[in-house]
Amino acid sequence: IKEALKIIKKHDIKLIHANSAAPCQWLTFASQQSNIPLICHMHSTYQLRDRLSLGLYQTQMVVGVSKYVVTPLIEDKKPESEISVIANGIDTERLLNQKVVNLREPLKIGKNDFVLACLGSLIHRKGVDLLIDATAKLLDLEIPVHLLVMGDGSEHSNLTKQIEKLGLQSNVILLGECKE
């Protein structure tokens, strides 16, 4: 909090933006002490105890990526004037006009096999390791499944090792960054 107050003063900060709820736990104090508004950008829902301990009710504005994300705050009676939704942007026209790419043939995936896909940063909190474990469990149950992981990040090496350790090289494919 002391460091935040120094930075606020040094740079004449007029608005504080937290890109998730966790930093609000201490940013609410810096915001209140400096009399500067705090906006929390929420990407997921939080249990009541977390909404309370993180100080989400002390923020001047909560912006959620969907109505679903902010619904618990609305139900808790946080003033709707302090809640907004700005959906993650996607150009649906461009998406729908893309050439369809069938990945089954080049990746040797059977036409009746289930295909799961994950798109995002390969960082620990995204839980891709859990998807890989779940894929292994499905295969143990003799469910024909393939997991396609699109994205890159700091966990790439760990995920590669996990796939090899579980012998899933044929069923879990790290595709890397995909522009289309």
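Val115 is found in strand S5, residues 114–119 (strands are DSSP runs of E with at least two residues, helices are runs of H or I with at least four, and both are numbered from the N terminus). This is a predicted model, so local features need pLDDT of at least 70 and side-chain atom pairs count only at pLDDT 80 or more, while totals for chains, interfaces and linings use all residues. Residues are numbered from 1 along each chain as its sequence is written, and side-chain values use heavy atoms, with hydrogens and water left out.

At 36% relative accessibility, Val115 counts as partly exposed (buried means under 20% relative accessible area, exposed means over 50%, and partly exposed is in between, with a 1.4 Å probe and protein chains only). Leaving aside neighbours within four places in sequence, Val115 touches Arg104, Ile109, His146 and Leu148 (contact means heavy atoms within 4.5 Å). His11 sits 104 residues from Val115 along the chain, and the C-alpha atoms of the two are separated by 50 Å.

Now to the cores. In soluble globular proteins, nonpolar side chains tend to be buried together. Here, the largest nonpolar core has 20 residues, and Cys40, Met42 and Leu56 have the most contacts inside it (a nonpolar core is a set of buried Ala, Val, Leu, Ile, Met, Phe, Trp, Tyr and Cys residues joined through side-chain atoms within 4.5 Å). Two or more residues of this core come from each of helix H1 (2–10), strand S1 (16–18), helix H2 (24–34), strand S2 (38–42) and helix H4 (67–75). A second, separate core has 11 residues, including Leu122, Leu147, Leu159 and Ile163. As for Cys40, its contacts beyond four places in sequence include Ala18, Cys24, Leu56 and Val63.

Val63 also turns up beside Ile86: apart from neighbours within four places in sequence, Ile86 is in contact with Val63, Gly64 and Val65. Ile86 lies in the loop between strand S4 (83–85) and helix H5 (92–96), and with a relative accessible area of 54% this residue is exposed. Ile86 and Tyr68 are 18 residues apart in sequence and 12 Å apart in space, C-alpha to C-alpha.

What about charged pairs? A search of the whole structure finds 4 salt bridges (a side-chain nitrogen of Lys or Arg within 4 Å of a carboxyl oxygen of Asp or Glu). One of them joins the side chains of Arg51 and Asp76, at 2.6 Å from N to O. This pair links distant parts of the chain, with Arg51 in helix H3 (residues 48–53) and Asp76 in the loop between H4 and S4, 25 residues apart. Arg51 is buried, at 8% relative accessible area, whereas Asp76 is partly exposed at 31%. Asp12 pairs up with Lys14, the closest N and O atoms being 2.8 Å apart, and Lys14 is exposed at 58%. Asp50 forms a salt bridge with Arg49, with the closest N and O atoms 3.8 Å apart; Asp50 is partly exposed at 25% and Arg49 is exposed at 59%.
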